[in-house]
Each structure stands twice: as C-alpha cells, then as structure tokens.
Amino acid sequence: MEYRIDVSNSTPLLIGWHDPLKIDPKGIRTTEIKGLWRWWTRAFVAGAMYDLGLLKGEHNREGVLAKPSKEDAEAISCFVGKIMGLGYTGSSDAEGSRFILYSEPLQNLRIRNLKDEFQRIRLLSIKRSVETLEPGGGFRVIVRKRVERYRDAENTALRILIVSLQLSGLGKGGRRGLGSLDIRSRIDFVRERNLKDLVENVYRETIEIIRKYADLCIKRSFVEKREDLIPPMPLVSKGSYKNLKIFQILSVRNVSFRSLHNFFVRSERCRVLYGNYICEDDLRKTLNAWILGLPREQRSTGYSIKSETIVRRASPILLSYHARGNIFGEGGFISVFISGDWPLSLKWCEGFSGCKDINIDPSRLMDAYSTAIKELNEYLSKLNANITYIWP
C-alpha cells in the first residue's frame, strides 16, 4: 500500500551536507522525517502509558532529575517498533520498519544565501553566508507499507506522521521553526479537517492500542497513576504536574515567523516586552533561561552543564510555522513539554563577574517552566497575537 503526501517548506530550510554552509542538493531527507516520526510516536506512546499509570520512571540516575526506567524504555520501544511498525531493535526479535519512505522534488529548488536574518542561522554561520532552501520548495513524500501485522496500530502510526510534520521543522533549527513543511494534499488516512481533532483522535487511538497490546509489550499490570511522578521524558499527555499542564499546543496567528522565532533571543524578547534591547527579563532575573535549551552560553557567559556524560538538553518548546494553503491552516504552532530529563547541576557564568552553581530539583524545574510559559504569553500578548489552545 502506498500513500503520497505533497509538502512545501513554509520557512527557510537548512538540510545539512558534507559542507556545513551548503544544503543537500536533494532537498529534504527521508531520514530526518523518519527521526521526527519516531520521536513523536514515542511521545504519544509514552503519554498514553503515563496517563494509564504504566510509566514507572527513575529519579537521580546518570545525573538527570528523571528518566524512563529500563522497563519503560523497552515497553515504549516495543509499542513503537513492533506494534506500530517503525522498526524494533530491542533485546530480542529485532525487525526492520514496515514502512519505506521516499521523497522527490516537484520543482527546481530555489537556493538562497542567508547570514543574519534569523538567530539560529547567525549561530550556524558565524558571520558567513549559509545556503538555505527558500520557502515554497515543493516535494512529494511517498510512504509505502511493505507488510502488515497490526493494521489499527500501523494506521495510527501513519496519522502520527502527519502530526509530526505539522508540529516540527526539518533540518538545522527545526525546533525553532526552520524547515517547517506545509501539507498541500488531502490524505486518505486523515479525515480530520483541523489539527485539534487530529491530535485528540490520535491520542485516543494510542490509548486503545496500549490497552489492546499491553500483554505483548508490558511485563507489569496496570496501576493507579502516581500524581507525584514527573514525566521522565517529553510526552503527549492530558495530565498535569504541580498545576502545570504536561503538554500544551498553542496556535498563534497574526504574528510573523521572524517574531515567533525571536522569542528565544533575549535581546528580541526585551525589545518586545520592554521596548529596549537590553533588559533583565524574568527568565534572566530568576536565572531560569536554561529552560530554553542547554548549553546556552557564548563568550564564556551563560549556562553550561556540569556533567561529563550529558552534553546538551534540547529545548522543551517546539515551534513550527505554516503558510496559507496548509491543510490545517496557517500561522504558528507552539508545543510545550514538561519532563524531568534535565541535568541535576548547571553552571551560570557572567563574564568576569564570576560563576554560580544551579541545582535543579522538581520545584526549581517547575519555577523555570512557569516563568518561561508566563513570559511567552506576555510576549505574544505584546505582539497582539491571536492565540488559541489546540491541546489540551
């Protein structure tokens, strides 16, 4: 069985090549799409397990506040790989993906050199021009199912692919909205006409899959959900932790991509919030800007991780941006995940003024999330954004 999905990039696309300042001449890579697909499928599976009381989690292991237990990781891998068909490399019965992906350009690609237009590109280029694919590049993504074992689970996996293409970008800067892909064609296995319904239905289907195939992947019985268990990984959940929603999706309209992208730059946040490029916003005052991703340092200032085994922790806030013609509408989509997979110790330095140790516990982590979410809402309000909540 074969499915075709026509897409076009709505923001500049930076797909790496052997020369870091040039893009892959083929445009998008199916390996990156597969990576996003698996990431979001794990998030849905782990979220369903968490809400059903089936995610155990571990604390204070390997320098992080929380992480999935060995049993959690094996069960998630089993559901994603064996049941939903995305490939399994577990302790036994390894099998390849039941899906094959291809991509092909639908037109000649328009390549442009950028240097200072976006913060992420500035960091990558270091004052040099870097090649990007201009918005509007058309591609066809072909998904072929080579064999069928669990039709209902495989159908849900296909629908998660569409969610991942709507809520994440591809390539460098994909978490900050670069490489966002508009879906231009109607899809046989997606009946919903808005993203809210699609995410809701996929979540419900995943809950049903976990219940139906639990005996094949989980070695323990259902238990009552622990309200004190911070999620050990980013996941799609309807729950809350310490009065904060574990997963949120905001739809943002009437705001440019550049303005949304620039929320993650302190000087731009200051300009919008206080009318001055230099300020101490709430994230800076509380020394909580590390919640936007680690490491977060430049010229010996900022936040770094005090661990030899942990080198980075990606931002828990994902941005995608879509143009008119996208089947689920135009504008920005912001996804926020609360999870405990953060290092226990950080170091904050301010030039020659010295350094300070930061220890992360659940209370400090929730304070950082609260500050970031509050400041994001204030930033969007200053831009007169039209905000609606897609999830929960």
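Mentor: E2 stands opposite R144 in β7. The model is predicted, with pLDDT of at least 70 needed for local features and 80 or more for side-chain atom pairs, while totals for chains, interfaces and linings use all residues. Residues are numbered from 1 along each chain as its sequence is written, and side-chain values use heavy atoms, without hydrogens and water.

Strands here are DSSP runs of E of at least two residues, helices are runs of H or I of at least four, and both are numbered from the N terminus. Two strands pair if DSSP finds at least two bridges between them. β1 also pairs with strand β8 (residues 181-183), again in the antiparallel sense, over 3 bridges. In that pairing S8 stands opposite D182.

As for cover, 6 of the 8 residues of β1 (residues 2-9) are buried, that is, under 20% relative accessible area with a 1.4 Å probe, counting protein chains only. In the chain, 56% of the 392 residues are buried.

The secondary structure of the chain comprises 10 helices and 18 strands. Of its contacts (heavy atoms within 4.5 Å) with a separation of 6 or more, 73% are between residues 24 or more positions apart. The C-alpha atoms fill a box of roughly 60 × 50 × 40 Å along the principal axes.

Methods: Buried < 20%, exposed > 50% of the residue type's maximum accessible area, 1.4 Å probe, protein only.
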